[in-house]
Amino acid sequence: MSEAIIVEAAQDLESYLEEKYKGYYEEEMKEVINELRMMLDILRDEKSGELKYLVADFAEMAQNCADLTRLNPRDIRNNEIGSDVFFQALPGMLDILRMIKKRMTEFKPQSSVGGEEEEEEGTVVVGLEKDVKQLVERAILVENPDLVSVGIKGMVGVGKTTLAKQVYNHAAIVEKFKWRAWVSVSIGTSVNEMLVEVVKQLVGIDGNDSSLEGMDNQSLRQMLRQHMEGLPYFIVIDNLMPQISVECFAKDLQHICDMPSIVYEKHEELKVEGNGSRLLLISRHEIISEDLYYTHEMKALDSDNSWKLFIQTLFHGDRFATDKLKFSKDLEHKAKEMLKKCWGLPIAIIDVARQKAKQRLSGIEWEQLFDSIDLDKTLKRLEPMYDELEEKLKACFLLLSLFKENAIMREEKMEQIWAASGLNTRSEEPIIRSLFRQSIIEIVHPHPQPPKVKMCRMNPLLHMLSIKKAEDEMGFEMLRSNGNNRPSQSPRHRVIHCGRDKFNHLMTQDKLLVSLIFHGGGRYLDDTSQSYWKSFELLKILDMEDFGVKTLPESISTLSELEYLGLRNNYIQEIPESLGGLEKLEVLDIALNFLVEVPDILNEMGSLHHLYMSNVICRKPLQVDALKHLENLTYISIYDWTYEVLSLEKMICLQKLGIEEIDENADVSKLFASLCRLKSLEGLSLRGFRFMSMPCLEEIYVSGIRTVKLDGLLATTLPGNLRDSLQIRDLTLVNTCLEEDPMWLLRMLFYLRRLKLQNAYIGRHMCIDFRQFQELEFVCISELWNLRDLYVIRTKLSKLKHLDINSCPHLETLPKEIEELKHLRKLTMVTSKHIATKIRNSSIISKIVEVDISP
């Protein structure tokens with residue numbers, strides 16, 4: 001059956017190409033035909049019955065391609081864009097055909113990572129009560145007659161499947177949905193296999209019945225329609241793989257939902273009502289679907305729930321456990337200190353608890369039991385995640401070993417480290433975004449702006465895995481001042497952890513080093529001689545961020561291959577003039593060194609792409625306009641920069657600019673006249689000087705700029721150029737202390753997506769009118785000390801997803817219209833205990849899925 005569909009599809013496409021179609025997608029159609037013919041050759045050579053499911057998927061996609069040739073000519077003729085618009089799906093279809101073919105040619109029976117966190121018999125469950133309630137009451141049982149898809153996303157071993165089973169077996173779910181199905185997916189699982197499993201469970205066909213084998217996808221969907229028409233169902237897809245399209249799997253499930261009752265409403269209009277079926281998708285990969293109602297991001301357990309899970313697993317099955325749960329305070333403290341190394345990851349906590357239970361049965365005393373922890377089993381269970389990564393992502397993952405454990409990492413720094421290591425990270429999707437999609441890193445700032453990640457963190461167990469793999473695959477070594485080291489024979493990447501002890505380091509292993517990173521603090525650099533830096537002949541990355549460095553030796557200039565120099569947040573008082581000789585340096589980060597003196601050497605660093613400073617001292621203005629490759633410049637004093645109009649034309653690459661110390665004496669007119677020469681500028685930050693007013697910014701240059709931040713008291717009101725710009729997508733106002741409602745002042749920013757107001761307004765009333773802000777997705781209101789009333793109107797036009805309110809002590813309630821914001825999924829609020837209790841008990845927030853109100 002499937003082979004016949006592929007043959008017919010190939011013939012249809014060939015006939016259409018020969019007789020009718022001569023358009024932009026002609027080459028793609030030829031490639032599709034070639035893929036179909038190649039697949040027919042594979043089917044003739046490969047007789048394995050285990051491939052029938054993948055063949056059915058391939059046949060369905062082939063049919064979809066052929067269906068393009070059967071479009072109504074009148075529909076094509078009436079389309080203003082032209083017939084090519086109907087073939088824009090071809091490239092995507094071609095990619096899917098190739099992916100399915102690749103999976104078939106690489107097919108391995110039972111290839112799976114699906115068991116990474118499968119709930120084992122007798123698994124203890126703690127700390128999920130809030131998550132279950134949130135998903136059941138506010139996402140799945142939400143009043144919506146349509147098919148609603150809800151996702152659960154998180155890293156390997158965080159408990160996604162465990163949470164889903166709690167939801168699946170919840171009393172309210174069992175009562176609401178008589179027809180339920182649970183489908184577990186693994187690598188290589190096809191849509192056909194998923195449909196077969198759904199039919200077996202929903203229709204009630206015996207699992208041993210072979211009548212479903214060989215049925216194509218369309219026939220399986222037809223069977224579902226016949227048996228499930230008008231009936232509400234609940235389906236869980238566990239461990240959803242990225243190659244499986246949610247739309248492809250669910251496209252006919254929607255029709256099953258929408259076929260029942262037709263309701264007459266006012267004016268005799270007809271409305272088709274669905275039956276309220278639900279789809280729960282579980283994956284460590286980002287779930288991509290236009291119809292996804294909500295994705296629940298799973299986090300690691302806190303210390304209290306980690307302890308509960310450990311204790312209950314340790315004594316699981318022991319009916320006398322209650323007598324054993326009482327540890328002395330010293331012993332409990334010791335056990336909890338050991339448990340911290342699991343970092344709240346349930347899979348690790350359970351592994352360690354079972355390991356300790358076995359050791360206890362062998363006669364080991366409690367005191368000795370908690371002396372050490374073995375996480376080898378857990379790391380092995382995390383390895384399939386690494387093995388699945390593309391080669392480029394593997395290389396980037398290995399370099400995350402250079403960062404501190406549990407550190408908050410800046411997106412820009414990660415990308416710069418990767419680039420300095422020789423990785424080409426330029427692609428359609430940023431590498432860091434790909435890592436987030438696969439739950440390798442998590443976003444830590446409260447208001448992500450896709451596709452930016454900005455600030456992120458990686459679970460320390462994944463960090464341990466990156467270290468382990470880096471030691472094996474890229475010549476990584478970690479040295480500690482306690483002397484417990486395993487020096488490599490020819491290290492290429494080194495991290496040095498320094499304490500208060502003097503560090504004795506062999507200099508014979510430095511010649512091949514590419515990266516040198518310092519963590520901790522202490523006397524290490526104080527004890528090094530001038531000749532120390534001369535031994536690093538190939539060094540490209542030198543990072544001493546947060547290390548407590550006081551002075552830099554002139555001999556650092558001998559690092560002729562250096563591309564990245566990280567000196568952020570230290571105690572450096574002066575930058576040596578010799579650093580001007582670092583001709584290959586692309587990143588110089590000296591931000592957060594209070595009042596560091598910078599000589600006029602930047603014009604010598606012709607390769608600089610990124611320059612980060614703050615509160616620097618310059619004896620004469622810096623000639624940064626000579627840096628034609630510069631992409632980021634933040635922050636530079638308006639008095640420390642020569643910004644002549646003509647000279648700025650050389651800075652053709654500058655994308656992000658931050659200027660500080662703008663006071664009443666600053667010549668901002670000259671500055672803005674100069675900025676118009678920066679054709680690539682996308683982000684602009686202006687920062688005032690202490691508590692002094694910024695001068696009139698009416699002539700501010702914002703043409704083509706998408707991100708703007710103003711930080712400082714405004715002498716008048718918001719400048720007209722800013723208020724009328726249609727390019728701005730992201731706006732932050734800090735300490736501006738406006739007297740007029742900023743939402744009224746900004747009403748012409750029709751395409752604004754993200755708005756943050758921090759101490760930006762001193763009035764009592766503020767109104768968000770979504771007729772003006774139809775694209776607004778995130779709003780943060782912070783430190784508006786006088787705000788009493790917040791109004792919202794035209795809610796049906798809103799795309800608002802996240803509302804964040806922080807430290808507005810007189811805002812005692814929220815507008816009732818919030819209930820009508822159909823896209824609002826997250827509310828975060830920090831307020832007084834009295835107001836927090838009042839809002840928690842309000843019905844206004846009952847439809848918001850994720851509510852976090854503190855205290």
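# Sheets, loops and a helix crossing

User: In what order do the 3 strands of the open sheet with antiparallel pairing stand?

Analyst: This is a predicted model, in which local features need pLDDT of at least 70, side-chain atom pairs count only at pLDDT 80 or more, and totals for chains, interfaces and linings use all residues. Residues are numbered from 1 along each chain as its sequence is written, and side-chain values rest on heavy atoms, with hydrogens and water left out. Helices (H or I, at least four residues) and strands (E, at least two) are DSSP runs numbered from the N terminus, and two strands pair if DSSP finds at least two bridges between them. On that basis the order in this antiparallel open sheet is E8-E10-E9.

User: Which strands stand at the edges of that sheet?

Analyst: An edge strand has a single partner strand, so one side of it is left without a neighbour in the sheet. This applies to strand E8 (409-410) and strand E9 (442-443).

User: Which residue in E10 stands opposite Arg410?

Analyst: E8 pairs with strand E10 (residues 455-457) in the antiparallel sense over 2 bridges. The residue in E10 that stands opposite Arg410 is Met455.

User: Which strands stand at the edges of the open sheet of 5 strands with parallel pairing?

Analyst: The order of that sheet is E2-E3-E6-E1-E7. Two of its strands have a single partner strand each, so one side of each lacks a neighbour in the sheet. They are strand E2 (179-184) and strand E7 (292-297).

User: Which residue in E6 is the bridge partner of Lys153?

Analyst: Strand E1 (residues 148-153) and strand E6 (residues 278-283) run parallel and are joined by 6 bridges. For Lys153, the bridge partner in E6 is Ser283.

User: At roughly what angle do the axes of helix H15 and helix H17 cross?

Analyst: Axes are lines fitted to C-alpha atoms, for helices over the stretch in contact, and angles run from 0 to 180 degrees between N-to-C directions. H15 (residues 346-361) and H17 (residues 376-388) have axes that come within 9 Å. Their contact, meaning heavy atoms within 4.5 Å, is made by Ile347, Ala348 and Asp351 of H15 and by Lys377, Thr378 and Arg381 of H17. The axes cross at roughly 145°.

User: Is Asn759 buried or exposed?

Analyst: Asn759 lies in the loop between strand E25 (754-758) and strand E26 (765-769), and its phi is positive, at about 50°, although it is not a glycine. Buried means under 20% relative accessible area, exposed over 50%, and partly exposed in between, with a 1.4 Å probe and protein chains only. Because its relative accessibility is 16%, Asn759 counts as buried.

User: What relative accessibility does Cys737 have?

Analyst: Cys737, in the loop between strand E24 (730-734) and helix H24 (742-745), has a phi near 50°, a positive value in a residue other than glycine. Cys737 counts as partly exposed, because its relative accessibility is 26%.

User: What is the omega of the cis peptide bond that joins Ser854 and Pro855?

Analyst: Pro855 belongs to the segment after strand E31 (850-854). The peptide bond from Ser854 to Pro855 is cis, and its omega is about 5°.

User: Which residues does Glu812 touch, not counting those up to four places away in sequence?

Analyst: Glu812 is in the loop between strand E29 (802-806) and strand E30 (826-830), and it counts as partly exposed because its relative accessibility is 37%. With those sequence neighbours left out, Glu812 touches Ile835, Lys838 and Ile839.
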